[in-house]
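Welcome, and please load the model in your viewer. We will go from one selection to the next, with a short note on what to look for at each stop.

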Amino acid sequence: NRGVTKVVGIRDADFLRIAGNPKYSVNYSDPIFATDCHDSEIMLARSGVLDDYLTLVSEPEQVAQFIAKHKPMLDLLLDAIYPIGCLRLANKRFGLGLSFKPEHPDGNQLKIRKFIIESNWSTNIPSMINTVWEYSQNRGLNVSSKIAIEEGLRKILAEKYPTHEVSNGHDLSAVLHLVSTKGLKSSNKLLQDPGCVQDLLIANYDLSKFASTALYRTVQDWGVEITKVPVFHSP
C-alpha cells in the first residue's frame, strides 16, 4: 500500500510449530519468516547473547560460582520458564480463560517472582496456577477452575515439547532479572526491571550472532533466489 517493494517480514513463531493449536502449520509457506524459537527473545538467548549480558551486569567469578552451584545459565532459565510456557499453551488449547498480560500497557505485570523458588530456580507449579488464576479475574473471560487448569497443564507437560518452542521471552527476562539481582547479587543500575533486562539482551545482539540462526540463513537464501542479492551484509 505504501509503494515499498523491498520488504522482509519476520514474525515470532509462537506455537506455530506445535500441533494442536489453531496456528499450527506443518509446511508454513506464507511470505513472512518465523523465528527459530517461540519468539525473538528466546532466539537471542540461544545465540550467545547471555554471555555478554552477564559480563555487563556481574563479575566472572560470581557467575562461575552460580553456574557451578546450579547449571548453565540458559538451561536454568529455560527450565524455570518451561512450566508457564506450557500453561500458556494449555490456555490456548483448552480455552482456560487465563490472562498473562495487563489489560492496559501501563497495567500491573504478572508477578513471576511469586512462584519461582530462588533456592534452585525452579517453578512452584501450584503457586503458579494460583497466581495466574488470580491475575486473570475480572477480565470479562470465563476463567476455568484451578482443578481444570491443573489438568490442562498436566496434559501439556506430558507431551514434552522442546523448551525453546514453548518458552516465552518475557518470562525469560523476568526470571533473568531475578537471577541477576537475587542470585548473582548484582547492584547494576541498569537492572531496574525485566524490561531493562530485555533491552540489554537486544543491545548485545549483533549481526554475527544473528548469522548463527536458521532465520538468517533462510532469509539470505530467499534474497538470493528472488533478487540474486543477499538481504544482509555478511557479518
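**Stop one: α3 and α5**

Start by selecting α3 and α5, which are roughly perpendicular to each other (a class for angles of 65 to 115 degrees; under 35 is roughly parallel, over 145 roughly antiparallel, and the rest oblique). Their axes cross at roughly 110 degrees and come within 8 Å. Axes here are lines fitted to C-alpha atoms, for helices over the stretch in contact, with angles running from 0 to 180 degrees between N-to-C directions. Helices (H or I, at least four residues) are DSSP runs, numbered from the N terminus.

The crossing of α3 and α5 is right-handed, a term used if the near helix is turned clockwise from the far one by less than a right angle. Now show the side chains in contact (heavy atoms within 4.5 Å). From α3, pick Tyr82, Pro83, Cys86, Leu87, Leu89, Ala90, Arg93 and Phe94; from α5, pick Ile149, Gly152, Leu153, Lys155, Ile156 and Leu157. This contact divides into 11 nonpolar, 1 polar and 2 charged residues. Ala, Val, Leu, Ile, Met, Phe, Trp, Tyr, Cys and Pro count as nonpolar, Asp, Glu, Lys and Arg as charged, and the others, Gly among them, as polar.

A word on the model: it is predicted, so local features need pLDDT of at least 70 and side-chain atom pairs count only at pLDDT 80 or more, while totals for chains, interfaces and linings use all residues. Residues are numbered from 1 along each chain as its sequence is written, and side-chain values use heavy atoms, with hydrogens and water left out.

**Stop two: α4 on α5**

Ile125, Met128, Ile129, Asn130 and Trp133 of α4 make the contact with Lys146, Ile149, Glu150, Leu153 and Leu157 of α5. Colour this contact by class and you get 7 nonpolar, 1 polar and 2 charged residues.

**Stop three: α1 and α8**

Next, select α1 (residues 40–57) with α8; their axes come within 8 Å and cross at roughly 100 degrees. In α1, Glu41, Leu44, Val49, Leu50, Tyr53, Leu56 and Val57 meet Val197, Gln198, Leu200, Leu201 and Ile202 in α8. The contact of α1 with α8 has 10 nonpolar, 1 polar and 1 charged residues.

**Stop four: the pockets**

Which residues lie nearest the centre of the largest pocket? Select Gln109, Leu110, His170, Ala174 and Pro194, which are among its 23 lining residues. α7 gives the largest share of that lining, 8 residues. By class, the lining has 6 nonpolar, 10 polar and 7 charged residues. A pocket is, on a 1 Å grid over the protein atoms alone, an open set of points where a 1.4 Å probe fits, with protein on both sides within 12 Å along at least five of seven lines; lining residues have an atom within 4 Å of a point.

Finish at the second largest pocket, where His38, Arg88, Lys92, Lys101 and Asn168 lie nearest the centre among 16 lining residues. Helix α3 (residues 73–94) gives the most to this lining, with 3 residues. The lining of the second largest pocket divides into 3 nonpolar, 5 polar and 8 charged residues.

Note on methods: Helix = DSSP H or I, 4+ residues; strand = E, 2+ residues; numbered from the N terminus.
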